[in-house]
Structure formats: structure tokens, C-alpha cells
Amino acid sequence: MGTLTQEKEYQEKLFNTTYDWTNQCVQCGYCLPSCPTYASMGKETASPRGRINLVKMAAEGKIDIAKDLAEPIDLCLGCRACEVACPVDVPYGHILEAAKEVIADTQRNKKQPAAMVKNLALRHLFPYPKRMKTIGSFVWMYQKTGMNKVAQKTNIIQKISEPLAQLEKIVPAVESPSERIKEGTVYPAKGETKTRVAFFSGCIMDAVMGRINRLTIELLTSVGCEVVIPKRQNCCGALHAHQGDTEKAKELAIANISAFLESGADYYINNAGGCGAALAEYDHLLRNETDWADSAKEFVQRSKDVSQILVQFGPLPFKKEWNGIITYQDSCHLRNVQKVQNEPRILLNSIPGASFIEMEGADTCCASGGIYNLLHFDESMKILDEKMEKADQTNAAAIITANPGCQMQMSLGIQRKGCSGEMKSMHIVEILAEVCGID
Amino acid sequence: MEQSVLAAIKSIIPEERIFLNLSDRYSYSFDASFGEYLPDIVIQPKNTEEISELVKLANIHSIPVYPRGASTSLSGGPLPVNGGMVLDMSRLKDKLIIDRENLLAIVSPGVITGDIHKQAEAVGLFYPPDPSSSHVSTIGGNLLENSSGPKGLKYGTTKEYVIGLEVVTPTGEIIRTGGKTVKNVTGYDLTRLIVGSEGTLGIITEAVLRLIPKPQERKTLLASFDSLVQSGHAITGILSAGILPSAMELMDNACIRAVENFSPSGLPLNAEAIIIVEVDGHPAAIAEEILKCEELCMKAGAASVRVAQNEDERLSIWKARKMVSPAITQMGPTKISEDATVPRSEIPKMMERLNEIRDKYRLNLVVFGHAGDGNLHPNIITDKRNKEEMKRVEDAVSEIFEAAVQLGGTLSGEHGIGMLKAPYMEMELGVDGLSMMKKIKEAWDPNGILNPGKIFPKAGQKKVVLT
């Protein structure tokens with residue numbers, strides 16, 4: 001706990017950044033059915049209405065930010081389904097990030113091991129593409145040399161941390177560093193060039209899911225997009241904003257805006273719902289930075305999810321059939337923030353041979369939540385296991401997602417349910433590439 | 001809370017369903033109305049026996065007990081105004097049985113009302129009461145508040161659909177009222193006494209609801225009028241022509257402007273009022289009825305009438321109505337939502353009185369509501385941080401109630417009395433009328449532990465206080 005004046009300062013900051021927003025909430029409760037943590041934890045404290053009220057109470061000084069507010073806020077997945085349900089458009093996402101920023105302030109001086117590791121990764125890892133690539137290379141080596149088999153056999157990671165051990169098993173097979181896409185490259189359209197797009201490779205996508213990035217580019221070129229990979233692009237900053245590090249998030253946003261505006265492309269394409277949502281809110285993030293506000297608006301207008309572009313410039317050149325049932329798990333940030341829900345379904349429905357079956361509750365969060373599943377393993381698994389019951393009812397052979405976090409979480413869910421044999425988790429780009437004969 | 005009492009509670013309820021920390025208690029301190037009251041303890045009971053034991057314990061130690069559903073109340077029903085114990089009933093939701101042979105639903109109180117709608121409709125049946133929050137609110141809360149929605153006009157209110165209850169009384173006994181038969185004249189009708197008692201006479205732990213066959217189809221029109229009186233004539237014209245619409249909604253000019261400003265829906269900005277009329281039933285019958293409604297609107301002097309030709313058009317008409325709530329909250333952060341109700345012939349007069357009140361107190365007052373049954377929703381949009389304006393709101397609210405009662409109406413059509421309307425009870429019921437109600441309360445709840453601070457005014461309280 002800080003000193004009294006310090007606490008007053010935090011309270012004032014929270015008041016100034018959130019009070020007008022929290023007062024917009026009329027406490028009607030329409031958000032309750034949309035909230036995955038309200039459903040799993042079963043109390044108002046874990047609901048959007050409850051959290052908004054607590055932020056208001058903390059801003060009024062009725063409860064303590066570190067002692068009373070931090071935990072309920074920390075347990076929010078940030079899926080933002082409540083914003084879609086809200087009849088009065090309360091900007092929950094903004095309230096959440098502003099509250100996280102102040103909570104992070106109160107924790108900054110404390111040396112908690114978990115917070116330190118988190119900060120280390122956020123400040124010194126994700127923003128450095130080269131360091132991320134190095135990690136990717138390590139993972140590739142780890143898998144290629146069979147070290148992963150040894151680790152899994154000896155249960156060594158399990159002994160260190162159960163969540164880490166479970167996640168270790170679902171890290172996708174990483175492609176060799178030589179196959180990675182390179183910044184500055186231009187990939188020409190196949191056939192007529194319909195548009196020029198700039199591709200956002202993303203820090204984690206680039207490091208451990210390079211294959212999906214490569215397939216994305218091939219799909220884009222196959223529908224007539226010329227694809228450029230802007231140099232000096234960086235991590236989108238989503239994880240930083242979600243963990244309360246707004247300043248770093250702004251710095252990364254500015255770097256990306258400069259890099260992409262320079263590319264002269266018509267659209268800026270990403271293939272990760274979480275990153276896409278961060279990109280789509282650069283205008284909000286930079287609303288007070290006079291030098292950047294206009295560029296941020298332009299950047300936001302040009303930012304699109306890959307599924308939107310494939311629908312707009314398609315059809316895709318399908319070459320084979322995909323036999324079996326497929327289902328789709330929405331990426332919350334794609335659906336609730338970018339408001340993209342139809343395009344992935346249109347694409348999946350168009351796959352020859354496959355039958356698309358909607359799973360119940362596809363629009364509710366899978367509880368991957370960025371790194372929520374690492375920080376709140378038990379809470380996350382409770383929601384995930386529920387979801388897998390619903391997925392199982394569709395008899396799908398593949399659960400399709402549009403975000404790496406969701407994809408890994410689905411893999412974990414499938415493994416926990418013990419149906420790795422009959423079901424797999426795929427990024428939408430992977431299945432589309434497969435039926436287009438792209439490998 | 002005393003340690004010995006807490007220990008006794010823990011002997012009834014496992015600790016994971018008991019909340020004592022500040023963030024949890026603040027999360028149960030509010031509802032969708034006004035004010036914030038911190039309970040001492042929040043408990044999530046899971047069965048009737050637990051509730052019975054808790055209530056008995058509360059009687060011994062004089063702890064106020066506040067049952068709470070989803071806390072969507074617009075009248076302060078679940079607010080723990082005297083602290084004490086909040087019973088979060090939302091966990092009691094294991095039973096939702098549709099009995100097709102007897103046209104009944106048997107439900108636990110924590111079941112979401114919308115889920116009853118869905119389950120009944122899945123087998124061709126229908127539970128008509130439709131509060132606008134029914135996708136969130138619990139059936140227990142709906143029954144205790146006797147809350148309704150647009151369909152009340154044709155199908156009646158919630159109380160018409162409750163035929164049996166299991167109740168924990170204010171002294172902790174478990175009783176059953178009514179049963180599974182539609183006809184039942186055995187003794188006093190305690191079912192109807194409990195329904196609408198706002199949780200002051202008992203805690204419902206199970207309910208038997210009546211279902212009816214689901215109407216086959218529906219048709220909808222939207223008519224705009226240059227004067228409120230004309231819209232009033234259209235409403236009475238339709239009803240006296242032998243047509244009973246399933247909904248008849250009214251929006252005033254302030255609402256229309258707010259909606260158009262918020263999300264343009266093609267509503268006529270200069271219209272004084274618009275009404276939405278929906279009929280349901282056999283396709284052949286309603287095809288004729290909707291034409292008749294159109295004719296009657298034109299005859300009453302409608303500036304325009306639009307009959308929805310397909311489901312999309314029907315939904316777009318309702319979308320304009322649903323936009324009212326979000327649209328008006330753009331005018332200010334605090335919404336005081338009233339539901340004063342008048343005999344439907346007095347609607348034009350009531351609208352006039354509301355206009356006068358708006359001008360007199362210089363407030364953002366908009367009116368919409370269920371015109372067919374005289375249940376209007378005058379909403380005052382304000383900012384509770386503005387003390388001076390809140391004083392004017394208090395006066396305006398008092399005058400709204402006076403107007404309703406003078407026109408032969410009532411303080412509340414569907415939200416309940418709760419706290420804010422309690423000071424006006426005597427005005428409507430008279431000293432003796434209110435006293436009879438109080439005697440019932442005292443006979444049932446001698447220690448005054450169940451939802452105290454609601455319905456009955458405090459001594460000498462004559463006016464709502466919001467500041």
C-alpha cells in the first residue's frame with residue numbers, strides 16, 4: 001500500500017479517466033448474460049455491471065484500488081461481449097484499460113515475481129521483433145531436436161508450473177527460421193492486381209506461427225492482392241494496453257502507423273483478431289496526441305482482417321474438397337471490437353465438401369484472453385471445458401478460429417477433453433489454404 | 001456482523017457461497033434504480049431449506065433480509081436499505097419443467113424469464129408476460145414485483161399466470177399456496193397476495209406458471225400523428241372496434257427526436273406522437289385486423305401509417321422502439337424511470353399534464369410506454385451530480401404521481417413501489433387502505449426482517465428525496 005497522498009493521486013487519476021464513462025452505465029444488467037466470467041463465477045463482482053460499479057466506487061474513494069478493485073478487474077477476460085450487449089453504449093473496454101493502468105501504477109513499486117516476469121516480457125521482449133524471432137528459433141530448435149519429447153516424458157515443466165506445462169504441449173509446430181517472411185518484401189498478385197495491401201505480421205504470429213503468416217500472404221495473392229511487408233513494423237501493443245502499460249502501447253502504435261502509412265497500400269491486413277482489435281482502436285489510443293490523431297484515423301480505416309479482404313476480392317481458387325464437419329469459434333476481439341462475424345462464416349461455408357455447423361455459444365469467449373489462461377489458469381479452464389462440451393456436440397473434425405490465442409486455447413481444450421484423435425484446432429487461414437492446395 | 005452469527009450462518013451455508021469482502025458487498029449494493037446501500041453479508045442459497053434456516057436465524061438476531069434476483073428492478077426492490085443480508089437467488093435455478101399436458105411450467109426462482117419463453121415456445125406454448133428485461137431478469141423477481149411488459153394489454157399481467165407457489169415465510173416456515181389447477185377457491189388466495197408483494201411477505205422458492213398456446217403469427221404497423229389527442233383517438237378507436245392488439249406502444253416527440261438523433265430510423269421528426277400496433281393470432285384473422293387498424297388510424301387523423309410487409313420491416317419498426325432507452329440516456333447519465341398508469345381514456349390528458357410538468361420544471365422529460373393499457377413511462381433524464389436540478393426532479397416526480405392519481409390512475413403499473421414511490425402510498429390508498437396493508441405485513445412479518453424499508457413510507461415521509 002502506498003502513502004496516503006499517493007493513494008489520493010491514484011484515486012484522482014482513476015476519477016479523471018473513468019468517471020464520466022462509468023456514470024453512463026444505467027445498471028440495467030443487460031450485459032450479464034453476455035459475460036463469460038459472470039457465468040462461470042456466478043457473482044455480480046465478476047460481471048461487467050459489477051466491475052463498472054467497482055471502478056466508480058474506487059474513483060469515489062469508497063473502496064481501495066489495490067486491495068478491492070485490482071482482483072475483480074484482473075479476473076476480467078477483456079472479451080468485450082458486454083459492449084455489444086449494452087443498450088447505452090458504455091465504453092467498457094476503455095474503462096477496463098484505464099482502470100488497469102491505475103492498478104498497474106499502484107503495483108509498479110512492488111516487486112512481485114509474477115508482475116516482474118510479465119513486465120520483462122512486455123517491455124523487453126514483444127516490442128523487439130529480433131528478440132521474438134530468436135525465441136521462435138529456439139522453439140523450432142526445441143521441437144526439432146526432440147527436446148520437447150524429453151521434457152514431456154520427464155514432466156519437468158509440469159514440476160515447475162502446471163499451466164506452463166499444459167501450454168507447452170499446444171505450441172504449434174514452428175517452421176524453420178529460413179521459411180519466415182521477410183520485411184520489405186513485395187509479393188506480387190497472382191493474375192490481375194486488384195489492390196495493394198500491407199501485411200501486419202504481429203510479434204507472436206511472426207515468431208511461432210510463421211506458417212500461418214506465409215499462408216495468409218499466399219491466399220491474399222491468390223485473390224489478386226499485391227502484398228507488401230512494411231519494414232519497421234512492430235508488436236501491436238495490445239498486451240501492453242491490456243496490462244495497463246498505455247505509454248508503451250502508444251509508442252508501438254506510432255511506430256506501426258508510420259511504417260504502414262509509408263507503404264502506400266490500400267488496406268492493412270492482419271490475421272489475428274486480438275492484434276486487429278488493437279490496431280482498430282489506435283484512434284482512441286492516440287486521441288490526445290495531436291500530431292498523430294489524424295494518421296491514426298486513416299490507419300484504422302485501412303485496417304482489415306484477412307477474412308474481410310478474402311470475401312471482398314474472392315472467390316478463392318479452391319482446388320480440393322475438405323470432407324467432414326467444421327465449426328467456428330469467434331475471436332472476441334474480431335467479433336466484439338472489429339465487428340467482424342459474417343466474413344469468416346461466409347468463407348467456411350464456401351469450402352467444398354465441408355459442412356459447417358454453428359456451435360452453441362460460438363460468440364462467447366474461450367477464456368484464452370491474451371495471457372489470461374496463464375495468469376488465471378483455473379478460472380480459464382473452467383470456461384474452456386464448458387466450451388468444449390458445446391464444441392463436442394457439433395461432432396466437428398475441426399474447430400476453426402481467427403486468432404492465435406484462441407487457436408492454442410482450442411488445442412488445449414481438445415487435449416483436455418481427450419479427443420485429439422478426432423478433432424483438431426485450425427486457424428481459418430490454414431483450412432482455406434489446404435483446400436486451395438497451398439501448403 | 002457478530003462472529004457468533006457468522007458462525008451460525010456458516011453452519012447453514014458453505015463458505016464459498018458467503019461473501020463478506022468489500023468489493024463483493026458493493027457489487028450487491030445497487031439495482032437499476034437509484035441509490036446504493038451496502039449490505040453486511042451476501043449469501044447465495046441453493047435450496048429452500050437453506051433459505052428457511054437463514055430466515056429463522058435472521059428473526060432471532062433481527063437481521064434484515066433482502067432477496068435479490070438479477071437486480072434489474074427500477075423501483076429499488078432488492079436494495080438492502082437497512083444493510084443486513086442479501087440473498088442472491090440467482091443460483092436457485094435448477095428447475096424449469098414444461099408440463100405440456102397441463103399447460104404448465106414449474107420453475108425455480110433463479111431461472112431467467114427469457115429461458116421460460118424459449119422452452120415454452122419450443123413446444124408451441126407461450127408464457128406471455130414480457131418485461132423488457134426478461135432476457136436478464138429472474139422469474140422470482142418478476143413474480144414478486146408483478147412486472148409486465150407490452151403484452152399485458154391483451155394477455156394480462158404476470159399475476160394472471162401464477163397458480164401455485166412454494167414460499168419461505170418471513171418467519172422461516174415453508175408453505176405452498178395454490179397448486180397445479182387453474183381453478184382453485186380453497187381459502188384465501190395467498191398466491192395473489194405474494195405475487196407483487198415486492199419480497200416483503202415471503203421468498204418464492206418455486207412457482208407453477210400457466211402457459212397458453214402460442215399465437216401463430218403477428219402483424220405490425222407504425223402510425224404518426226400531428227397531435228397527441230389524435231393518437232389517443234386512434235388507440236381508443238381500435239380498442240372499441242373489438243380488436244385487442246398484443247401490443248400498443250406510444251412515443252412522444254421528445255422520444256422520436258432522441259431516437260432519430262441517436263440512430264436514424266426514418267421516424268417523422270415533426271410528429272407529436274407515433275404509435276406502434278401489433279396484432280397476433282390466426283393469419284387470416286390478423287390480416288383483416290391490421291387493415292382495420294390502419295383504417296382506424298387514418299380515420300383518427302394519422303399523418304402516415306406504415307404496415308410492415310415482411311419480418312424485416314416488422315423488426316425495423318420495433319428497433320425504433322427499442323432504441324428509445326439508449327437514445328434518451330445520451331441526454332444525461334441519470335435516468336429516473338416512472339410507470340404511472342392511467343385509465344386509457346385519460347392518456348391524452350395525462351400527456352398534457354406531463355408536458356406542463358416538463359415545461360414548469362425545465363427538465364428533459366420524455367414519454368413512451370404501453371398506451372393500450374394506460375401504462376406510460378415518463379422518463380426524466382438528468383445528472384444526479386447536479387443537486388439543484390435534482391431538487392426540481394423531486395418536485396416533478398411528485399407532480400407526476402399526483403396527476404396519475406387525480407386522473408383515476410395509479411403510482412405504478414409494473415415497476416413496483418419500492419422506495420421512491422413509498423411516500424405517495426397514502427395519497428392513492430388513503431390512511432385506512434394503507435393501514436390494512438400494513439396490518440397484513442405486520443401479521444406475516446412480526447419482526448420486520450423481510451425487505452424492510454420498502455412499500456411503506458417512513459413516519460411523516462410525504463415526498464421523494466433524491467439528493
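**Figure 1. The four domains of chain B.** Chain B is divided into domain 1 (3-91), domain 2 (96-213), domain 3 (217-326) and domain 4 (331-406); these bounds come from an automatic or database domain assignment. The model is predicted: local features need pLDDT of at least 70, side-chain atom pairs count only at pLDDT 80 or more, and totals for chains, interfaces and linings use all residues. Residues are numbered from 1 along each chain as its sequence is written, while chains are lettered from A and ligands numbered from 1 in the order in which they are written.

**Figure 2. Domain 3 and domain 4 of chain B in contact.** The C-alpha centres of domain 3 of chain B and domain 4 of chain B are 22 Å apart. In this contact, 17 residues of domain 3 of chain B meet 13 residues of domain 4 of chain B; two residues are in contact if their C-beta atoms, placed from the backbone, lie within 7 Å. On the domain 3 side, α8 (228-240), β13 (247-252) and α9 (253-262) of chain B each supply at least two residues. Helices (H or I, at least four residues) and strands (E, at least two) are DSSP runs, numbered from the N terminus. The most comes from α8(B), with six residues. The domain 3 side comprises 13 nonpolar, two polar and two charged residues. Ala, Val, Leu, Ile, Met, Phe, Trp, Tyr, Cys and Pro count as nonpolar, Asp, Glu, Lys and Arg as charged, and the others, Gly among them, as polar.

**Figure 3. The contact between chain B and chain A.** Chain B contributes 22 residues and chain A 24 residues. On the chain B side, α2 (22-27) and α12 (324-329) each supply at least two residues, and α2(B) provides the largest share, five residues. This side of chain B has ten nonpolar, eight polar and four charged residues.
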